[in-house]
Amino acid sequence: MSVPTYMDYSATTPVDKRVAKKMMQYLTMDGDFGNPASNSHYYGWQADEAVKNARKQVASLIGADPREIVWTSGATESDNLAIKGIAHFYKKKGNHIITLKTEHKAVLDTCRQLEREGYEITYLDPMANGLLDLNVLKAAITDQTLLVSIMHVNNEIGVIQDIEAIGNLCRERKVFFHVDAAQSAGKVAIDLSTLPVDLMSFSAHKIYGPKGMGALYVRRKPRVRIEAQIHGGGHERGMRSGTLATHQIVGMGEAFAIAEAEMSDESARFKILRDRLLAGFIDMEEVQVNGDLDQRIPGNLNISFNYVEGESLMMAINTIAVSSGSACTSASLEPSYVLRALGLSDELAHSSIRFSIGRYTTEADIDKAIVLVRDKVEKLRDLSPLWDMFKDGVDLSKVEWAAH
Amino acid sequence: MAYGEKVLDHYENPRNVGVLDKDAKNVGTGMVGAPACGDVMRLQIQVNDEGIIEEAKFKTYGCGSAIASSSLLTEWVKGKTLAEAAEIKNTDIAEELALPPVKIHCSVLAEDAIKAAINDIKSKA
């Protein structure tokens, strides 16, 4: 059986072979398997050296000091640590946190938990293009606001928020600023030596590193304090206890180093591929790109094929692996909350497909996707009563549906 | 979602896709579901002078299970009287297609569709 073509790089990426090769040197008896915290013997020193090197590699990609990197199990943990860490440490200073409705669940559910603990959370609406209106943020900040948490790049629609402008506003109002950069590191230039950001979450597996590995950037100057969420041996300067997973850390470091070397060429290549993909669809009837097309990472195309349900389209195009905002692809039976927050109708949200392009995507993959999707959309529209009604000039928003 | 063979068969080769004249006296149309919920089924049946369903057509917007449920239904109702067709239960459809629990609502929708089509034809009599 031939496997489908992978076009879901925003969900996860394969580990780069160069990364995997390096990781394997830190596992077995003939490798550097030691505990980096064992500071009294050779094995510990070797592992500690590898961790130090990885810390430098990660810091280098984002313009940070290696001492500002805290290893975690992934971006979800980093988001939890940043948001709960600030809320708990500074609880005497205020009780209000501001975030965006299109954030990842790792941020939104963390905020929900803080609401249960008594904090006030404001969930801002994005503009129709997915971007945050600075005036909306400005109006939401109060003297009780502790933290603003806004993602750099959205995982579904790929739009890039202006974190410099948001950060400057936060500085002006003396509010901490956390950024979830799981989808942006290695794709968009990040320089924390100049960006006004206090905390930033990273993931390894979104940029060809291993799953189960992440980091949180915690600014040193001016110093940002967070309360630990996992307690134990006092690793990571007390901010995150737990024996460091040397092989995972080395993998993340290597992945970040490769990204630093190859990012600009890769972005240019992705943009050509993405534009080719979009050009293959744009002349079709009733298609719509979701989210701003200019302020967007080059590897993402989120597009709705109206009157076709996303899950059945994914079934039809099962020789390529993509994602959909359709309810039927989630356990909740709700269509994508991100697309709903942009003001999309439920049916357009149900009809959306996210293509995400990555390191191993070829021009032939793109051409295959175009032919396949065009053919299947036509087939499913022939099967769709909504398409018939649209063609007959019926305004679907005026029809009284028997909702179930 | 990993589907069973029967769903895939109906999904890839849907039976009786099409449209009947909804204004004809011997045609009943049932349209159920809502675009906002992600599935809309339109089922049409045509009855001959003996009261037997001689033709059935459908179009469905929805997931693979919704398409398969309506496709199967058109096969089942043909040759039945209206009273017999009204006896079809969603559980029969779900069982035949081996629908997973999260997709049971697709078979419910199919049962609603045949009931609505029968009501429509009766209202014309």
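Predicted model: local features only at pLDDT ≥ 70, side-chain atom pairs only at ≥ 80, totals over all residues.
Colleague: How many residues separate S241(A) and A228(A) in sequence, and what is the C-alpha to C-alpha distance?
Modeller: They are 13 residues apart in sequence, and their C-alpha atoms are 8.2 Å apart.

Colleague: Where does S241(A) lie?
Modeller: In the loop between β8 and α7 of chain A, where α7 covers 246-281.

Colleague: And how many C-beta neighbours does S241(A) have inside 10 Å?
Modeller: It has 14, so S241(A) counts as partly exposed. The cut-offs behind that are 20 or more for buried and 12 or fewer for exposed.

Colleague: Back to β8(A). How many of its residues are buried?
Modeller: Five of five, over residues 214-218, so the strand is mostly covered by the buried cut-off of 20 or more C-beta atoms within 10 Å.

Colleague: Which residues point which way from β8(A)?
Modeller: G214(A), L216(A) and V218(A) point one way, while A215(A) and Y217(A) point the other way. All of these are buried.

Colleague: What about β2(A), is the pairing with β8(A) parallel or antiparallel?
Modeller: Antiparallel, over four bridges, with β2 of chain A spanning residues 69-72. T72(A) stands opposite G214(A) of β8(A).

Colleague: How many bridges join β7(A) to β8(A)?
Modeller: Five, and those two strands run antiparallel as well; β7 of chain A is residues 199-203. Within that strand, L199(A) has V218(A) in β8(A) as its bridge partner.

Colleague: Zooming out, what does the secondary structure of chain A come to?
Modeller: Twelve helices and 13 strands. The radius of gyration is 22 Å, close to the 22 Å from the globule rule for 404 residues, so chain A is as compact as a globular protein of that length. Its C-alpha atoms fill a box of roughly 75 × 55 × 35 Å along the principal axes.

Colleague: How much of chain A is buried?
Modeller: Buried residues are 50% of the 404. Among contacts with a separation of 6 or more, 72% are between residues 24 or more positions apart.

Colleague: Switching to chain B, at what angle do α4(B) and α5(B) pack?
Modeller: About 130 degrees, with the axes 8 Å apart. The two helices are therefore oblique to each other. The contact involves N90(B), I93(B) and A94(B) from α4(B), and I104(B), S107(B), V108(B), A110(B) and E111(B) from α5(B).

Colleague: Left-handed or right-handed crossing?
Modeller: Right-handed, as α4(B) passes α5(B).

Note on methods
Residues numbered from 1 in each chain as written. Chains lettered and ligands numbered in written order. Rg over C-alpha atoms; globule rule 2.2 N^0.38 Å. Contact = placed C-beta atoms within 7 Å. Pairing = 2+ DSSP bridges. Axes fitted to C-alpha atoms, helices over the stretch in contact; angles between N-to-C directions. Parallel < 35°, antiparallel > 145°, perpendicular 65-115°, else oblique. Left-handed = near helix turned anticlockwise from the far one by under 90°.
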